[in-house]
Amino acid sequence: MAAPLVLRLYIAGNSVSSRRAQQNLERLRASVSSKGWDIEIIDVLTRPDLADRAGIIATPTLSYEDGHRSRRIVGDLSDTKRILEFMGIEGDHA
């Protein structure tokens with residue numbers, strides 16, 4: 001059985017870019033089969049230890065971990081197709 005896909009979205013509070021990234025992450029989830037995904041949203045203002053441990057230096061950052069590789073993309077996640085291609089996720093996207 002394959003390890004679950006882990007997506008972590010690191011945000012900084014309730015800023016405009018943080019809210020936009022969260023909305024776009026929900027849109028991303030809707031555009032692909034998200035079965036088997038573990039998604040965590042980590043606010044670096046309340047959990048700086050997790051951001052430090054992960055080496056996060058900018059927000060919003062989406063971290064993708066599937067057991068074989070780790071990839072990150074910084075920004076508001078507005079370009080779903082580009083994000084999916086970058087992460088190598090196959091799905092129902094256009």
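The legends below accompany several close-up views of a predicted model.

Residues are numbered from 1 along each chain as its sequence is written. Because the model is predicted, local features need pLDDT of at least 70 and side-chain atom pairs count only at pLDDT 80 or more, whereas totals for chains, interfaces and linings use all residues, and side-chain values use heavy atoms, with hydrogens and water left out.

**View 1. The protein chain as a whole, with its helices and strands.**
The protein chain contains three helices and four strands, where helices (H or I, at least four residues) and strands (E, at least two) are DSSP runs numbered from the N terminus. Read along the sequence, these elements follow the pattern β-α-β-α-β-β-α. Of the 94 residues, 36% count as buried; buried stands for under 20% relative accessible area, exposed for over 50%, and partly exposed for values in between, with a 1.4 Å probe and protein chains only. Among the contacts (heavy atoms within 4.5 Å) with a separation of 6 or more, 65% are between residues 24 or more positions apart. The pLDDT, which is the predictor's confidence in each residue on a scale from 0 to 100, averages 83 for the chain, and 83% of the residues score at least 70. Among the elements, α2 has the highest mean pLDDT (94) and α3 the lowest (79).

**View 2. The salt bridge between R8 and E40.**
A salt bridge is a side-chain nitrogen of Lys or Arg within 4 Å of a carboxyl oxygen of Asp or Glu, and the count by this rule comes to four. One of them joins the side chains of R8 and E40, with an N to O distance of 3.0 Å. Because R8 lies in strand β1 (residues 5-11) and E40 in strand β2 (residues 37-43), this pair ties together parts that are 32 residues apart in sequence. E40 counts as partly exposed, at 33% relative accessibility.

**View 3. The network of R47, D49 and R53.**
The side chains of R47 and D49 form a salt bridge at 2.8 Å, N to O, and those of D49 and R53 form another at 3.8 Å. Through shared partners, these salt bridges join R47, D49 and R53 into one network. D49 and R53 both belong to helix α2 (residues 48-54) and are four residues apart, about one turn of the helix. R47 is partly exposed at 38% relative accessibility, D49 is likewise partly exposed, with a relative accessible area of 34%, and R53 is exposed at 64%.

**View 4. D43, a buried acidic residue without a salt bridge.**
D43 lies in strand β2 and is buried, yet it has no salt bridge. The nearest side chain of opposite charge is that of R47, 9.8 Å away, where Lys and Arg count as positive and Asp and Glu as negative, while His and the chain ends are not counted. Leaving aside neighbours within four places in sequence, D43 is in contact with I11, A12 and G13.

**View 5. The nonpolar cores.**
A nonpolar core is a set of buried Ala, Val, Leu, Ile, Met, Phe, Trp, Tyr and Cys residues joined through side-chain atoms within 4.5 Å. The largest core has 16 residues, of which L7, L9, L25, L62, L77 and I83 touch the most other members. At least two residues of this core come from each of β1, α1 (16-31), β3 (61-65) and α3 (80-87), and β1 supplies the largest share, four residues. Apart from this core lies another, of five residues, among them Y10, I42, V44 and I56.

**View 6. L77 and the loop that holds it.**
L77 is placed in the loop between β4 and α3 and is buried, with a relative accessible area of 6%. Its phi is near 65°, a positive value in a residue other than glycine. When neighbours within four places in sequence are left aside, L77 is in contact with L9, A21, N24, L25, R27, L62 and I83.

**View 7. The buried side of helix α3.**
The buried residues of α3 are T80, I83, L84 and M87. They cover an arc of only 95° around the axis, which puts them on the same side of α3; the arc is that of the directions from the helix axis to the C-beta atoms. These buried residues pack against β1, α1, β3 and β4 (70-74). Just after α3, G88 takes a positive phi of about 70°.

The peptide bond from T59 to P60 is cis, with omega near -5°. P60 is found in the loop between α2 and β3.
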